[in-house]
Amino acid sequence: MADVIVIGAGIIGAACAQALAGRGLRVLVLDAGLPGATAAGMGHLLVLDDNPAELALSQYSLQRWRELAPALPDGCAYRCNGTLWLAANAEEMAVAHSKYLNLQAQGVACELISSSALHQREPELCEGLEGGLLINGDGILYAPATANWMLDTPNISQRRARVSEVDGNRVRLDNGHWLSAEAVILANGVQANELCPELPIEPKKGHLLITDRYPGKVTHTLVELGYVTSAHNASGPSTACNIQPRPTGQLFIGASRQFGTTDPQVEGWMLAKMLRRATDYMPGLAQLNGIRAWTGFRAASPDGLPLVGQHPQRKGLWLAVGHEGLGVTTAPGTADLLVAQLFDETPPLAAQPYLPQRFLGESVYA
Amino acid sequence: MPELMLDGCALRVAEGTSVAAALALSGDGCTRTSVSGQRRAPLCGMGICQECRVTIDGRRRLACQTLCRDGMHVETQA
Amino acid sequence: MNEYADLLIIGAGPAGMAAALAAASSGARIVLLDDNPLPGGQIWRDGPQAKLPNPARQMRGRLEACSNIRRHSGTRVIACAGPKQLLVEDADRGWVIGYDKLILCTGARELLLPFPGWTLPGVTGAGGLQALIKGGLPVQDERIVIAGSGPLLLASAATAKHNGAQVLRIAEQACAAAVGGFAAQLPRWPNKLMQSVTLFDRHYRTGTYVLAALGNERLEGVRLQQQGKIVELECDRLACGFGLIPNTQLGQALGCELEGQAIAVDAWQTTRRADYYAAGECTGFGGSELALVEGAIAGHAAVGDLDSARALWPRRACWQGFANALNKAFTLDPQLKSLAQPDTLVCRCEDVPYAALAGHTDWREAKLASRCGMGACQSRVCGGTLQHLFGWQPAAPRPPFSPARIETLLCLDDTPPA
């Protein structure tokens with residue numbers, strides 16, 4: 001008998017389960033074993049300031065990751081290697097500058113990097129970049145191992161099962177059995193719509209590629225500022241340079257975005273487009289060997305912020321979905337927000353911007 | 001008979017000799033160090049196991065499937 | 001710079017060469033790809049210490065003489081680049097080849113099962129040692145133990161001896177009855193009988209398998225389970241392989257169905273996908289004679305010469321019988337599944353030990369938790385082990401099918417589909 005049922009054993013479900021178990025609750029985590037974003041994604045821990053709510057959640061969560069880091073086993077591969085945002089022209093450098101001011105004002109450690117200093121820091125970068133912004137506290141980790149570590153907590157039990165229906169604080173499994181608890185937490189990413197069709201979650205396909213081991217070529221996670229301008233605002237398929245140095249010495253290459261498909265096949269044209277963008281910023285990449293490519297689907301919400309809170313029409317069902325590309329980053333913050341709301345405590349950051357009501361309408365119960 | 005450099009040592013080999021064989025002729029035949037620090041040498045001999053990855057003229061290639069060429073520079077992985 | 005072929009043949013071993021030659025007289029534009037520096041596959045591998053048999057030499061000569069056959073050696077298929085288009089890569093560049101029909105002759109690789117010490121320098125596959133020697137590996141006066149299963153052990157031993165090595169033991173895991181039963185059938189295929197006589201070695205032992213490879217920095221000896229006793233031998237090399245696994249990855253990526261572990265084909269060597277054929281070891285292990293006739297059938301069929309194809313059916317049936325006898329005789333002893341100790345590495349690319357894998361429910365879960373299969377070989381080696389030990393099915397292949405330069409992947413057209 002569980003106090004709370006969590007649907008989804010990815011990083012969000014795992015973080016929520018760990019936080020609830022830490023409060024003494026018995027948690028049952030159900031997972032259908034389907035491919036999810038935690039297994040596919042880049043494990044990038046980054047502060048993003050497209051809007052204040054995104055900044056608040058990512059900044060808070062990054063701090064929580066830094067606190068958790070000493071407890072993480074080696075397999076989680078946590079590194080605080082910083083994100084270096086790259087400006088290709090004066091316009092992007094201006095964006096870097098205003099981000100710098102904004103982040104500094106919010107207490108996020110960062111520094112502007114000049115064009116010449118850029119090459120000292122990252123000799124592999126192409127010529128002609130305008131400069132960059134280094135966010136020192138950003139990091140990386142291996143999300144599947146981290147989720148497993150979180151789930152390996154007393155009072156958490158796991159079951160391989162597919163949920164076919166939710167009814168408030170009750171769930172029906174594929175085998176027809178109903179389970180109930182004080183609360184049910186929906187944390188199954190792109191599969192959330194299957195159980196709650198009213199959720200405004202859309203799958204956003206992403207391609208990834210990883211190289212063989214080439215230690216020492218890149219230090220920081222390299223992301224183009226064009227990412228902010230092009231990728232977020234476009235509705236069609238888009239790519240942006242995202243090169244992450246793995247502790248293994250492999251280079252992890254992203255990022256691409258496509259709507260309107262659930263086909264997990266690697267699409268050659270998209271892979272080529274994404275790799276071209278990456279080699280534009282790091283020409284030497286072209287000579288390195290890629291060993292593996294795959295795809296994943298991010299659970300995207302219309303405003304780029306997750307839905308965290310009780311479902312306004314389904315009492316007993318709590319939502320922790322729609323994290324798009326910030327699931328790993330904001331897992332601790334999501335868990336803390338959810339636990340605070342469950343226990344009717346003051347949350348560590350304002351919960352309002354992430355409440356499901358903003359899409360689903362006001363609560364029908366008291 | 002091509003002459004090539006293997007980890008800084010010159011070696012002349014018969015035409016058609018593989019880089020894997022050349023490494024055994026000039027040294028211990030090892031090609032790389034594994035993730036946990038073990039020395040490794042070619043295993044499958046036919047381009048599958050990837051144990052014989054070396055750098056040849058700046059590119060990472062398989063020693064067992066590459067023939068020695070005059071002037072080639074081969075570096076094993078540390 | 002892209003290329004076009006009426007008929008694209010992947011693999012220039014006996015099957016691929018036979019296919020190309022069978023199809024050549026039609027005048028079709030034929031492109032023959034192979035990832036080795038010279039044609040011949042494994043069994044007819046050429047090199048400074050290889051002894052190329054006459055049939056191989058003749059076929060190569062005939063290939064060179066055909067003006068409508070273009071050969072690319074040292075070339076691998078990296079990805080599907082579009083409908084009937086493949087992205088390929090050689091040492092210098094990547095490019096796209098378009099085709100109308102395709103014949104897969106991708107051969108087989110050795111099943112390499114883990115045992116303590118198998119990662120030591122000095123340990124290779126059995127076919128692996130043979131290939132390395134042919135490419136010039138010096139083995140003069142080296143003491144070699146050959147182990148595992150199948151007739152390949154004898155062929156490997158022969159190559160080693162021919163190049164001055166001292167073969168101390170050939171350890172065949174199959175029992176005497178199985179091997180004897182197979183040998184008793186050899187008179188059905190007279191030249192195979194002749195071959196077995198010439199390959200016979202007095203150090204051959206049945207019911208014998210490796211328990212451990214011994215040594216610190218490199219191999220110094222082996223410990224064998226020999227017909228119930230434990231035997232230790234000092235040696236310089238251990239060549240160990242447990243039979244062959246068909247290379248079906250490219251076929252699967254192209255949508256061909258499998259039957260068991262091999263690519264499924266009909267009497268015309270056609271796969272379940274129209275315009276795609278397969279021949280040789282990738283359709284099931286059977287030796288070079290079977291590969292030659294299957295390749296020829298595929299080549300004839302692919303250019304529409306059904307009469308010539310059909311005429312070869314009896315010969316194929318004869319050699320298929322040999323293949324069946326072979327596969328039955330050398331099935332693997334279940335004891336081999338328990339050779340690996342908890343700390344024996346199963347994934348050599350990522351150094352993942354057996355203990356990290358046992359207890360997972362499937363391949364995917366094990367891979368995510370342990371990194372097994374995430375390395376450069378993309379589970380071509382450990383995949384066979386995991387299938388053998390746990391019955392796990394590997395995932396569908398994804399591009400790149402082999403490690404490929406990023407600049408090669410850039411050759412994929414980046415235009416979104418309409």
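Let's start with one residue, Leu186(A). Leaving out residues up to four places away in sequence, Leu186(A) touches Ile7(A), Val166(A), Ala192(A), Leu195(A), Cys196(A), Leu317(A), Trp318(A), Leu319(A), Ala320(A) and Val321(A). Contact here means that the C-beta atoms of two residues, placed from the backbone, lie within 7 Å.

A word on the source. This is a predicted model, where local features need pLDDT of at least 70, side-chain atom pairs count only at pLDDT 80 or more, and totals for chains, interfaces and linings use all residues. Residues are numbered from 1 along each chain as its sequence is written, while chains are lettered from A and ligands numbered from 1 in the order in which they are written.

Back to Leu186(A). Which residue is the bridge partner of Ile7(A) in E12(A)? It is Leu186(A). Strand E1 (residues 4-7) and strand E12 (residues 183-186) of chain A pair in the parallel sense, over 4 bridges. Pairing requires that DSSP finds at least two bridges between the strands. Helices (H or I, at least four residues) and strands (E, at least two) are DSSP runs, numbered from the N terminus.

Now the sheet around that pair. It is open, has 6 strands, and runs E8-E2-E1-E12-E19-E18 in chain A, with mixed pairing. Helix H1 (residues 11-22) of chain A lies across E1, E2, E8, E12 and E19 of chain A, and runs at about 170° to E2(A). For these angles, axes are lines fitted to C-alpha atoms, for helices over the stretch in contact, and angles run from 0 to 180 degrees between N-to-C directions.

Next, the core. The largest nonpolar core has 263 residues. Those with the most contacts inside it are Cys16(A), Ile185(A), Leu186(A), Ala19(C) and Ile103(C). Such a core is a set of buried Ala, Val, Leu, Ile, Met, Phe, Trp, Tyr and Cys residues joined through C-beta atoms within 7 Å. Buried means 20 or more other C-beta atoms within 10 Å of a residue's own; exposed means 12 or fewer; partly exposed is in between; the C-beta atoms are placed from the backbone.

Over to chain C. Strand E2 (residues 30-33) is covered on both faces: Ile30(C) and Leu32(C) on one side, Val31(C) and Leu33(C) on the other, all buried. E1(C), residues 3-10, pairs with E2(C) in the parallel sense over 4 bridges. Ile9(C) has Leu32(C) as its bridge partner in E2(C).

Two helices of chain C are next. H1(C), residues 14-24, and H8(C), residues 288-302, have axes that come within 7 Å and cross at roughly 35°. Their contact has 14 nonpolar, 5 polar and 1 charged residues. In these classes, Ala, Val, Leu, Ile, Met, Phe, Trp, Tyr, Cys and Pro count as nonpolar, Asp, Glu, Lys and Arg as charged, and the others, Gly among them, as polar.

Now the interfaces. E17(A), residues 289-300, is joined to E22(C) by 2 bridges, and the two run antiparallel. Asn289(A) has Arg405(C) as its bridge partner there.

With chain B, 35 residues of chain C contact 35 residues of chain B. H3(C) gives the most to the C side, with 5 residues. That side divides into 14 nonpolar, 12 polar and 9 charged.

Last, some backbone details. Gly254(A) and Ala255(A) are joined by a cis peptide bond, with omega about -5°. Ala255(A) is in strand E16 (residues 250-257) of chain A. A cis peptide bond also joins Pro399(C) and Pro400(C), with omega about -5°.

Gln227(C) is not a glycine, yet has a positive phi of about 45°. Is Gln227(C) buried or exposed? Exposed: Gln227(C) has 12 other C-beta atoms within 10 Å. Arg371(C), also not a glycine, has a positive phi of about 75°. Arg371(C) counts as buried, with 22 C-beta neighbours inside 10 Å.
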